[in-house]
Amino acid sequence: MAKTLQNLELPIETAVLVFINEDDSEDQVVEDELVGLCEAANVEPIATIRQRLDRPYKGTFVGTGKVEEIAALAHETNADLVLIDAEVSGMQQRNLEEAFKCKVIDRTQLILDIFARRARTREGMLQVELAQLTYMMPKLMSVYTKFERQKGGIGMRGPGETKLESDKRLARDKISALKVEIEDVKRVRSQQRASRRKHPFPFASIVGYTSAGKSTLMNLMAGTDFLADAMPFATLDPTTRKIDLPDGYALFLTDTVGFIRNLPTHLVAAFQSTLEEVTFSDFILHVVDLANPAWEVQKDAVHHTLEILGASDKPMITVFNKIDMVPDKAELTRIVAEWPNSVAISATTGLGMTDLQLAIKRQVQSLLGTVRAVIPYSQQHMLQDCYDFGRVLKEEYRDNGIYVEAELVNELRQKLLQYSVES
Ligand SMILES: Nc1nc2c(ncn2[C@@H]2O[C@H](COP(=O)(O)OP(=O)(O)OP(=O)(O)O)[C@@H](O)[C@H]2O)c(=O)[nH]1
Ligand SMILES: [Mg+2]
């Protein structure tokens with residue numbers, strides 16, 4: 001059954017890492033990323049091996065020669081596990097475990113394990129468990145199919161098969177139960193969102209590749225002290241804060257879980273409730289770690305994930321971060337010029353923050369519309385709403401009510417439309 005670890009200090013496990021990437025120019029980046037993931041999961045890499053694959057082998061994922069090579073290396077180093085930097089099927093995993101005589105873990109399992117360690121809220125834990133079970137289901141299926149094929153006949157129900165059947169049913173029941181619980185949590189979140197919507201400031205979400213600096217930026221803008229750490233997936237649960245901008249503008253900003261490449265779609269789907277904040281945003285701040293040599297690949301991975309979430313057509317400000325670590329200033333200028341609606345900042349030194357605030361202000365302004373209305377004296381509280389939740393440009397006491405000219409977000413604008421006048 002799926003485990004939901006929390007604050008559990010597990011011993012360090014040693015691992016042989018198996019890299020699969022085709023493009024040798026990416027070797028270092030791919031390697032660094034997996035080593036980072038290992039560190040976050042208490043796994044110590046003790047040897048690495050590489051296989052260039054056009055297509056995985058059906059039974060063992062890697063080729064026969066490679067299976068022997070890895071088995072020898074695992075034996076020699078006395079590794080606790082072999083970590084494959086790809087998604088392997090249940091059947092492949094089992095065949096490899098038999099060959100290596102040790103545990104085999106794939107990239108998705110490793111990431112899920114990190115998520116499980118990071119989960120702090122009920123919602124986070126429920127989602128991790130759902131993701132783990134959803135991930136396990138096809139593996140259970142493949143075990144079952146293999147058994148079935150081996151036995152071949154009708155009425156040959158062995159104990160192993162019965163156990164698998166009941167495992168499958170248990171997993172399926174648990175998945176349904178988790179989905180119901182997550183629906184509950186989602187309802188609470190949607191109530192919170194609705195109550196925030198009563199304060200009609202625009203909503204924005206910070207998205208980006210893991211470790212891009214999202215939480216560091218959130219902390220700088222909101223004056224908060226959320227965990228920001230070099231470890232991947234430091235943030236799992238979303239947090240929202242109100243941010244005040246110069247000239248009386250404001251917005252709600254949400255910091256959320258980081259993205260990573262090669263994340264299976266169903267895994268993204270399991271985190272739908274956390275990532276829902278992104279889909280409800282009026283616009284997106286996409287933080288890109290410009291100091292990472294693979295920033296373009298990471299950027300594409302984020303765009304791809306946004307597509308899966310159905311959030312790719314939202315207005316976006318691209319925030320190139322960590323420019324304190326980018327020595328080539330001409331390159332920086334070129335990149336910002338090349339990408340529409342982008343700014344360059346350092347979330348640790350505060351460099352470029354004025355540009356970012358200006359870009360956000362422009363985005364907020366574009367979501368606001370000007371209203372001219374005469375509010376009846378009996379509805380005076382609406383004038384206060386305009387002050388609290390918008391920008392009042394003009395106010396005049398007239399015989400039939402208070403004339404206001406204000407910049408407001410759509411929700412509040414709608415309420416005032418009934419009293420609107422030409423001037
Ligand atoms: N040099 C430098 N380091 C930065 C900058 N912004 C963030 N960092 C560092 O990058 C690491 C990751 O920062 P986080 O803010 O945790 O990144 P994140 O995007 O929230 O990461 P996850 O929540 O794990 O997805 C931390 O060690 C930060 O101190 C920056 O502008 N310059
Ligand atoms: Mg974070």
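Trainee: Where is Leu-251 found?
Mentor: Leu-251 is in strand β7. Keep in mind that this is a predicted model.

Trainee: Why is Leu-251 counted as buried?
Mentor: Set the value against the cut-off. A residue is buried if 20 or more other C-beta atoms lie within 10 Å of its own. Leu-251 has 23 C-beta neighbours inside 10 Å, so Leu-251 counts as buried.

Trainee: Which residues is Leu-251 in contact with, leaving aside its neighbours within four places in sequence?
Mentor: Phe-201, Pro-202, Ala-204, Ile-243, Ile-360 and Val-364 are its contacts beyond that range. Each of these pairs meets the limit, because contact requires C-beta atoms within 7 Å.

Trainee: How far apart are Leu-251 and Phe-203, in sequence and in space?
Mentor: They are 48 residues apart in sequence. In space, the C-alpha to C-alpha distance is 5.9 Å.

Trainee: What makes strand β7 mostly covered?
Mentor: Count its residues. β7 spans residues 250-255, and five of its six residues are buried.

Trainee: How do you know that β5 and β7 pair, and in which sense?
Mentor: Pairing takes at least two bridges between the strands. β5 (residues 203-208) and β7 have four bridges, in the parallel sense. One of the bridge partners is Thr-254 in β7, which goes with Ser-205.

Trainee: How many bridges join β6 and β7, and in which sense do they pair?
Mentor: Six bridges join them, in the antiparallel sense. Here β6 is residues 239-244. Thr-240 stands opposite Thr-254 in β7. Thr-254 therefore has Ser-205 as a bridge partner and Thr-240 opposite it.

Trainee: What do β6 and β7 form, and which residue in the turn has a positive phi?
Mentor: They form a hairpin, with five residues between the two strands. In the turn, Asp-247 has a positive phi of about 65 degrees.

Trainee: Why is strand β8 described as largely enclosed by the rest of the structure?
Mentor: β8 covers residues 283-289, and six of its seven residues are buried, so the strand is largely enclosed.

Trainee: What makes β5 and β8 a pair?
Mentor: They share five bridges, in the parallel sense. The cut-off for pairing is two. Val-207 stands opposite His-286 in β8.

Trainee: How many bridges hold for β8 and β9?
Mentor: There are six, again in the parallel sense, with β9 at residues 316-321. Leu-285 stands opposite Ile-317 in β9.

Trainee: What draws attention to the phi of Phe-61?
Mentor: Phe-61 is not a glycine, yet its phi is positive, about 65 degrees. Phe-61 is in the loop between β2 (43-50) and α2 (64-77).

Trainee: Is Phe-61 buried or exposed, and how do you know?
Mentor: Phe-61 has 25 other C-beta atoms within 10 Å, so Phe-61 is buried. The cut-off is 20.

Trainee: Is Asn-78 buried or exposed, and how do you know?
Mentor: Asn-78 has 9, so Asn-78 is exposed. Asn-78 lies in the loop between α2 and β3 (81-84). Its phi is positive too, near 55 degrees, and it is not a glycine.

Trainee: Which residues in the largest nonpolar core touch the most other members?
Mentor: Val-82, Leu-83, Phe-115 and Ala-131 do, in a core of 96 residues.
Mentor: 23 residues surround ligand 1. The closest are Gly-213, Ser-215, Thr-216, Thr-235 and Gly-258. Helix α7 (residues 214-222) gives the most to this shell, with three residues.

Trainee: How do the residues of the shell around ligand 1 divide?
Mentor: Eight are nonpolar, eleven polar and four charged.

Trainee: Which domains does the domain assignment give?
Mentor: It gives domain 1 (13-117), domain 2 (121-188), domain 3 (199-366) and domain 4 (368-419). Eight residues from domain 3 and seven from domain 4 make the contact between those two. On the domain 3 side, five are nonpolar, three polar and none charged.

Terms used: Residues numbered from 1 in each chain as written. Chains lettered and ligands numbered in written order. Predicted model: local features only at pLDDT ≥ 70, side-chain atom pairs only at ≥ 80, totals over all residues. Near = placed C-beta within 6 Å. Nonpolar A, V, L, I, M, F, W, Y, C, P; charged D, E, K, R; others polar. Core = buried A, V, L, I, M, F, W, Y, C linked by C-beta atoms within 7 Å. Buried ≥ 20, exposed ≤ 12 C-beta atoms within 10 Å, placed from the backbone. Domains from an automatic or database assignment.
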